[in-house]
Amino acid sequence: MKVTVRGSQGHAGTVPMSMRRDPMAAAAELIVLLESLCKHPRDFLSSGGNCNEQTLESLSTSLVCTVGEISTWPSASNVIPGQARNSSVTFTVDLRAIDDVGREAVVYELSNQMYKICDRRSVSCIIERKHDANAVICDQELSSRLKSAAYSAVNKMVGQIHEEVPVLMSGAGHDAMAISHLTKVGMLFVRCRGGISHSPEEHVLEDDVWAAGLAVLAFLESHM
């Protein structure tokens, strides 16, 4: 989503705090609201209606929200952002969950709460939905075979293991999401140190890459 907040532009030194309609301060409160809702969805969504207990449980474990972009205009250290068409604060909201019904409930509640905050602060708020994509469930048989292949690969490398191969939800869509309407999909992950990706700190061990290669080979061999 894209959120645009407009208030009353003014000089940082001449507008009393009690008279300000500051879209930057309002945007900050909206972003903290987003964080609170996504960390504690049960505090905002009641069971009943579209949110049953199963939906609330899935949101508690899968819901993630991010503000990845924020911009202000005129973007001067001594100017309160204002109400002109090009004088405002704009930020993005990326909201993901494994449950589409739950995700829609979060968007609805988030929007309502944001409008209330903007009304209280006497600023305007425009919320635009820029992109929607439903969650995709990986094929159970493919996932099961990938899990068995990963187990086989680790066995070849270190001998008999007694731990379960973890099955994860992917918050990132990858190509699997893009082609899911054409065929069955499943994914095999290589672990990163500390779980960090999309960062210069991303790092994988050579042994883990080797294990992934053996797993892919075992998976292909099981289909031949």
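**Reading the model step by step**

Modeller: Happy to. Ser75 is exposed, with a relative accessible area of 52%. Keep in mind that this is a predicted model.

Colleague: Where is Ser75 in the chain?

Modeller: Ser75 belongs to the loop between strand 4 and strand 5. Its backbone is worth a look too: phi is positive, about 60 degrees, although Ser75 is not a glycine.

Colleague: What is the peptide bond from Trp73 to Pro74, cis or trans?

Modeller: That bond is cis, with omega near 15 degrees. Pro74 sits in the loop between strand 4 (70-72) and strand 5 (79-80).

Colleague: Which residue other than glycine has a phi near 55 degrees?

Modeller: That is His198, where phi is positive. His198 lies in the loop between helix 5 (174-179) and helix 6 (206-221), and with a relative accessible area of 75% it is exposed.

Colleague: Is Ser58 buried or exposed?

Modeller: Buried counts as under 20% relative accessible area. Ser58 has 15% relative accessibility, so it counts as buried. You will find Ser58 in helix 2 (residues 53-62). Leaving aside residues up to four places away in sequence, Ser58 touches Leu63, Ile98 and Asp99.

Colleague: How should I read a helix?

Modeller: Start with the general idea: an α-helix has 3.6 residues a turn, so residues three or four places apart point the same way. Now take helix 4 (residues 140-158), which has 19 residues. From first C-alpha to last it reaches 27 Å, close to the 27 Å expected at 1.5 Å a residue.

Colleague: Which residues of helix 4 are buried?

Modeller: Leu142, Leu146, Ala149, Ala150 and Ala153. They cover an arc of only 100 degrees around the axis, so they are on the same side of helix 4. These buried residues pack against helix 6. On the face turned away from the buried side are the exposed residues Gln140 and Val158.

Colleague: What do we see at the start of helix 4, and what comes just after helix 4?

Modeller: At the start, a side-chain oxygen of Asp139 comes within 3.2 Å of the backbone nitrogen of Glu141. Just after helix 4, Gly159 has a positive phi of about 90 degrees.

Colleague: And how far apart are the C-alpha centres of domain 1 and domain 2?

Modeller: The domain assignment gives domain 1 (2-128) and domain 2 (140-222), and their C-alpha centres lie 36 Å apart.

Definitions and conventions. Residues numbered from 1 in each chain as written. Predicted model: local features only at pLDDT ≥ 70, side-chain atom pairs only at ≥ 80, totals over all residues. Heavy atoms only, no water. Helix = DSSP H or I, 4+ residues; strand = E, 2+ residues; numbered from the N terminus. Buried < 20%, exposed > 50% of the residue type's maximum accessible area, 1.4 Å probe, protein only. Contact = heavy atoms within 4.5 Å. Domains from an automatic or database assignment. Expected span 1.5 Å × (residues − 1). Arc of directions from axis to C-beta. Polar contact = N/O pair within 3.5 Å; in protein donor to acceptor, adjacent residues only side chain to side chain.
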